[in-house]
Amino acid sequence: QMCPCHLNKLAQCLFYIEAVFATGTRSKLWERPSGSFISNLSESLQWEQDCPHRLPQASVRVTADVPPRLDGTWVSTRCEVRPGPEFLTRSYTFHPSRHFQALQHYYADSGCEDPAYSLMIRGKLRLRHASWITGGATDAEHHLNKVAIVIHSLAAKQRLTSGLPSSCVTLTLGQVVPGKPYELYNTRGGRGCLAALGFSMMELGLVRVETQHHGHGGKVQELLLGDIDTDWTQRTQYRPTGYQQPLQNAMHHVHPCPVCALVYRSSELHPPVLPPRPALPISLAGRWVSQRCETRPNVLFLTRDFTFEPDRHAWEGTYRHYSDSTCSQLTFVLRASGHYAQGNPSTQVPGASDFVFKVTTVRVTAAEASMAKLLNATRPGKCGRTGGWEVGAEQDLTPTGGCNQLGIKLPHKEYELFKVELDHRKQPLLFVGERPSDGSSPDRPHRRPTSFQPPMVLCSTADM
């Protein structure tokens, strides 16, 4: 995000304002989805990227049903990177009976070419009610019946067990033979070893399904599940309020998608081996924009718009923040700028590179009266011109060294992680480091991200 603010205070303030208003208007909590309920609460989004050149995604209509329809199989579209880092692909199947089975394939490399082990998870999922915290999402609870592991080589077994407590290795994983399933957990016990593995299905606590309706009559369905805590020690207790990389419906996915087919045909005994991808240089020149309305932990909905000038090592980022999950109700706009330096290739995430960004200037525009009122209530000299906040009028926060209310301090330095890949149309995608789940800033080298935010697409190349 490269934003000098974590916005936790602001998000919480706005959330409570909206929650008070919503108390009298929100429909009753629901226990079981019904057809009529789905059709009545379907959201519709027609969101166009702010690009000088119209992109294929810009004409797509997106709907999101609340509660979501989960039946079917949902698969990864690329090698996914989780905090740690962990590299994996996923294949989740949901049945009308509310039972589910999930396959998670973990790899020793960032291209998902060298399978290490696979987890087979079985359980039940109960959709509860529309989320009060993350608008447009559904809260759910899950119950695990069984978790089994298949280790794919002796080398992978050694790597896996080297960091685990001896009790877990001796009593459980010590008996595992490569290529053979071994039950790690069932309803009678075994959760301790799962915790040692960092295993959690808390991602099932937050669910959203989006359907993209394309003009030619085709559609793509995506399953967004809860985000994974960036702090390894917190991930098994973390209650998600944002999303991770979406899975696509195996029957309704972007074409072509060779990874989808490989993951769909996989099993715990035969994990998908993704085809090698050429290493791409980090070429940032031009303008990059969000592909979708993005959701962050702590009730943040936003779109990002970055411009890089490599000759000057300069960057500018525009963050448009919204109060709703379809990015239709603009709350405020934050425009940050400064300089950056590219470092060495990442030692933790091969194919990515380390960066250092310095934020020197931040300008903020309040887009609604409640935001302007909130900022005007800050202490004099702590957030722009005292009493000077008006809707639609941009303020420079540099003279006040930032804004306490927004968590902005200037100047500000962040340690970043960048990666560039090609999508299915051979267009470049920019991956920027994931923000810490606790809202802090990666302002120290050891806080550098090990995973990524949703990718941004190259909107235009600049003539620089």
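## A walk along the strands

Start by selecting strand β14 (residues 294-296) and β15: these two run antiparallel and are joined by 3 bridges. Keep in mind as you look around that this is a predicted model. To see one of the pairings up close, pick Thr 295, whose bridge partner in β15 is Phe 301. Now look at the turn. The hairpin of β14 and β15 has 3 residues between the strands, and Asn 298 takes a positive phi near 70° there.

Stay with β15 and colour residues 300-309. How many of its residues are buried? The strand is mostly covered, with 8 of its 10 residues buried.

β15 and β16 run antiparallel, with 9 bridges joining them. Click on Thr 307 and you will find Glu 316 of β16 standing opposite. This hairpin, made by β15 and β16, has 4 residues between the strands, and here His 313 takes a positive phi near 55°.

Select Arg 287 and look for its bridge partner in β15, which is Thr 307. Strand β13 (residues 286-290) pairs with β15 in the antiparallel sense, over 4 bridges.

Now move on to strand β17 (residues 330-345) and select Val 333, which has its place there. Is Val 333 buried or exposed? Its relative accessible area is 18%, and buried means under 20%, so Val 333 counts as buried. Show its surroundings too: leaving aside neighbours within four places in sequence, Val 333 is in contact with Thr 318, Tyr 319, Arg 320, Arg 363, Val 364 and Thr 365.

Your next stop is β8. Select strand β7 (residues 115-130) together with strand β8 (residues 138-151), and you have an antiparallel pair joined by 13 bridges. Leu 119 has Ile 149 in β8 as its bridge partner. β8 also pairs with strand β9 (residues 182-186) in the antiparallel sense, over 4 bridges, and Val 147 stands opposite Tyr 185 in β9.

End the tour in a loop. Select Thr 77, between β3 (72-75) and β4 (80-82). Which residues does Thr 77 touch, not counting those up to four places away in sequence? They are Gln 245, Gln 248, Cys 257, Val 259 and Cys 260. Thr 77 counts as buried, at 19% relative accessibility.

Notes
Residues are numbered from 1 along each chain as its sequence is written. This is a predicted model: local features need pLDDT of at least 70, side-chain atom pairs count only at pLDDT 80 or more; totals for chains, interfaces and linings use all residues. Side-chain values use heavy atoms; hydrogens and water are left out. Buried means under 20% relative accessible area, exposed over 50%, partly exposed in between (1.4 Å probe, protein chains only). Contact means heavy atoms within 4.5 Å. Two strands pair if DSSP finds at least two bridges between them.
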